[in-house]
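Morning, everyone. Please look at the screen, and we will walk through one structure together.

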Amino acid sequence: MVHVLSSRILLAPTDIERSRAFYGRDLGLAVYREFSTGSGRGTVYFLGGGFLELSGRSDAPPSPAVRLWLQVADVAAAHEELSARGVEVLRPPVREPWGLIEMWIADPDGTRIAVVEIPEDHPLRYRP
């Protein structure tokens with residue numbers, strides 16, 4: 001087995017400044033580090049137990065198969081805060097049949113992002 005020490009998701013946005021504004025200002029992710037300068041400048045954000053890196057540039061939007069899953073303590077509060085910041089909510093918080101409360105947003109390139117709350121009574125909170 002490979003011993004993984006850290007992990008990160010790498011996104012190459014079509015417009016890196018627009019994506020930096022979305023992830024940094026709109027979502028409020030804290031910066032872990034920045035590197036390089038000019039058009040090669042990259043930004044790495046804290047993302048729970050991992051990291052999200054924006055670097056490089058893509059001429060095409062990402063595959064719809066790429067999605068992010070962000071767990072928050074209170075999805076209703078996240079909905080209110082993100083809406084107030086002008087983030088388009090694709091679907092407001094809904095308790096799914098599998099018991100999680102999920103809200104869906106998208107980044108400027110269309111990468112879909114699930115913002116998820118795990119209720120106190122959900123099995124993910126307990127181990128038998």
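Let me start with a question: is Tyr-32 buried, partly exposed or exposed? Tyr-32 is partly exposed, because its relative accessible area is 40%. Here are the cut-offs: buried means under 20% relative accessible area, exposed means over 50%, and partly exposed is in between, with a 1.4 Å probe and protein chains only.

Some ground rules. This is a predicted model, so local features need pLDDT of at least 70 and side-chain atom pairs count only at pLDDT 80 or more, while totals for chains, interfaces and linings use all residues. Residues are numbered from 1 along each chain as its sequence is written, and side-chain values use heavy atoms, leaving out hydrogens and water.

Now the rings. The structure holds four aromatic pairs. Rings of Phe, Tyr and Trp (its six-membered ring) pair if their centres lie within 6.5 Å; planes under 30 degrees apart are stacked, over 60 edge-to-face, and the rest tilted. Take Phe-22 and Tyr-23: ring centres 5.0 Å apart, planes at 90°, so this pair is edge-to-face. Phe-22 is buried at 6% relative accessible area. Tyr-23 is buried too, at 1%.

Back to Tyr-32. Its ring pairs with that of Phe-51, with centres 4.3 Å apart and planes at 40°, so this pair is tilted. The pair links distant parts of the chain: Tyr-32 sits in strand β2 (residues 31–35) and Phe-51 in strand β4 (residues 50–54), 19 residues apart. Helices (H or I, at least four residues) and strands (E, at least two) are DSSP runs, numbered from the N terminus. Phe-51 counts as buried, at 13% relative accessibility.

Four bridges join β2 to strand β3 (residues 42–47), and the two run antiparallel. Two strands pair if DSSP finds at least two bridges between them. Phe-35 has Gly-42 as its bridge partner in β3. The hairpin of β2 and β3 has six residues between the strands, and there Ser-36 takes a positive phi near 65°.

Next, the sheet. It is open, has four strands in the order β5-β8-β7-β6, and its pairing is mixed. Why are β5 (67–71) and β6 edge strands? Each has a single partner strand, so one side of each is left without a neighbour in the sheet. Five bridges join β5 to strand β8 (residues 112–117), and these run parallel. Leu-70 has Val-115 as its bridge partner in β8.

Glu-96 counts as buried, at 12% relative accessibility. Leaving out residues up to four places away in sequence, Glu-96 touches Arg-91 and Glu-102. Contact means heavy atoms within 4.5 Å.

Last stop, the pocket. A pocket, on a 1 Å grid over the protein atoms alone, is an open set of points where a 1.4 Å probe fits, with protein on both sides within 12 Å along at least five of seven lines; lining residues have an atom within 4 Å of a point. Which residues line the largest pocket? Among them are Leu-70, Ala-78, Glu-81, Leu-82 and Val-115. The elements giving two or more residues to this lining are β5 and α2. The largest share, three residues, comes from α2.
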